[in-house]
Amino acid sequence: MPGDDELYRQFLDGDNRSYEELMIRYGDSLTVYLNGYLHNWQDAEDLMIEAFARVMVKRPVLRVTNGFKAYLYKTARNLAARFHDRKTRVQEFSFDEMGEEGLEHWLAAGREPDGEREQILHLCLGRIDPELKEAIWLVYLEEMSYKEAAQVMGVTAKRIDKLLARGKTHLRRELEKEGLTHAHV
């Protein structure tokens with residue numbers, strides 16, 4: 001299966017089927033991510049489509065290896081920020097409003113459901129700082145590199161490392177409150 005960079009190059013060379021493949025690959029997960037900001041599935045889906053359309057129209061030259069996904073998510077994040085409030089930038093990424101669809105998407109991404117434990121994890125993620133949640137989401141659930149997540153969040157890779165360390169500490173503490181004392185976070 002071709003990688004993102006190869007598919008994007010094929011699109012730039014005029015192959016629209018490769019761009020459709022990128023939309024299939026990232027459309028659902030990008031919609032779930034956007035819903036973390038907007039708390040509205042319809043708006044999230046609309047902005048997902050707009051993010052892909054912007055990339056399709058602008059056709060940016062991506063000089064970074066594996067840069068497509070980070071560029072797409074950064075575009076979507078900026079659209080969500082403007083959509084939510086044109087005067088102030090969105091600062092909160094929330095799992096609270098994602099509901100079961102968000103959790104189902106996460107589980108469908110190759111992780112085995114574990115019933116009550118997954119619900120506890122979802123609950124505990126909802127209790128930690130929004131910036132920490134977003135870093136955890138991008139790196140562990142979207143499987144982005146630190147560099148890609150940093151591009152999306154507009155911070156350095158070192159900051160992502162620190163956010164993840166703090167996030168895992170906070171998440172472990174919350175999981176222990178729920179009785180999961182041997183949480184490997």
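This is a predicted model: local features need pLDDT of at least 70, side-chain atom pairs count only at pLDDT 80 or more; totals for chains, interfaces and linings use all residues.
Residues are numbered from 1 along each chain as its sequence is written. Local features need pLDDT of at least 70 and side-chain atom pairs pLDDT 80 or more, while totals for chains, interfaces and linings use all residues, and side-chain values use heavy atoms, without hydrogens and water.

Student: How many helices and strands does the chain have?
Tutor: Elements are DSSP runs numbered from the N terminus: helices are H or I with at least four residues, strands are E with at least two. Along the sequence the pattern reads α-α-α-α-α-α-α-α-α. The count is nine helices and zero strands.

Student: What share of the residues in the chain is buried?
Tutor: Buried means under 20% relative accessible area, exposed over 50%, and partly exposed in between (1.4 Å probe, protein chains only). The chain has 185 residues. The buried share is 43%.

Student: Is T31 buried or exposed?
Tutor: T31 sits in helix α2, residues 16–38. Leaving aside neighbours within four places, T31 contacts W41, A44, E45 and M48. Its relative accessibility is 8%, so T31 counts as buried.

Student: Which backbone oxygen does the side chain of T31 reach?
Tutor: A polar contact is a pair of N or O atoms within 3.5 Å; within protein, one must be able to donate a hydrogen and the other to accept it, and residues adjacent in sequence count only if both atoms are side-chain atoms. Here the separation is 2.8 Å. The oxygen belongs to G27.

Student: Where is T169, and how far is its side chain's polar atom from the backbone oxygen of A165?
Tutor: T169 lies in helix α9. T169 is partly exposed, with a relative accessible area of 37%. A polar atom of the T169 side chain lies from the A165 backbone oxygen at 3.0 Å.

Student: What type of aromatic pair do Y8 and F11 form?
Tutor: Rings of Phe, Tyr and Trp (its six-membered ring) pair if their centres lie within 6.5 Å; planes under 30 degrees apart are stacked, over 60 edge-to-face, and the rest tilted. Y8 and F11 both lie in helix α1, three residues apart. Their centres are 6.1 Å apart, with 35 degrees between the planes. The pair is tilted.

Student: Why is the pair of Y19 and F68 edge-to-face?
Tutor: Y19 lies in helix α2 and F68 in helix α4, so the pair ties together parts 49 residues apart in sequence. Y19 is buried at 1% relative accessible area, and F68 is buried at 0%. The ring centres are 6.5 Å apart, and the pair is edge-to-face because the planes stand at 85 degrees.

Student: Which residues do ring pairs link into a cluster?
Tutor: The structure holds eight aromatic pairs. The linked residues are Y8, F11, Y19, Y26, F52 and F68.

Technical notes
Contact means heavy atoms within 4.5 Å.
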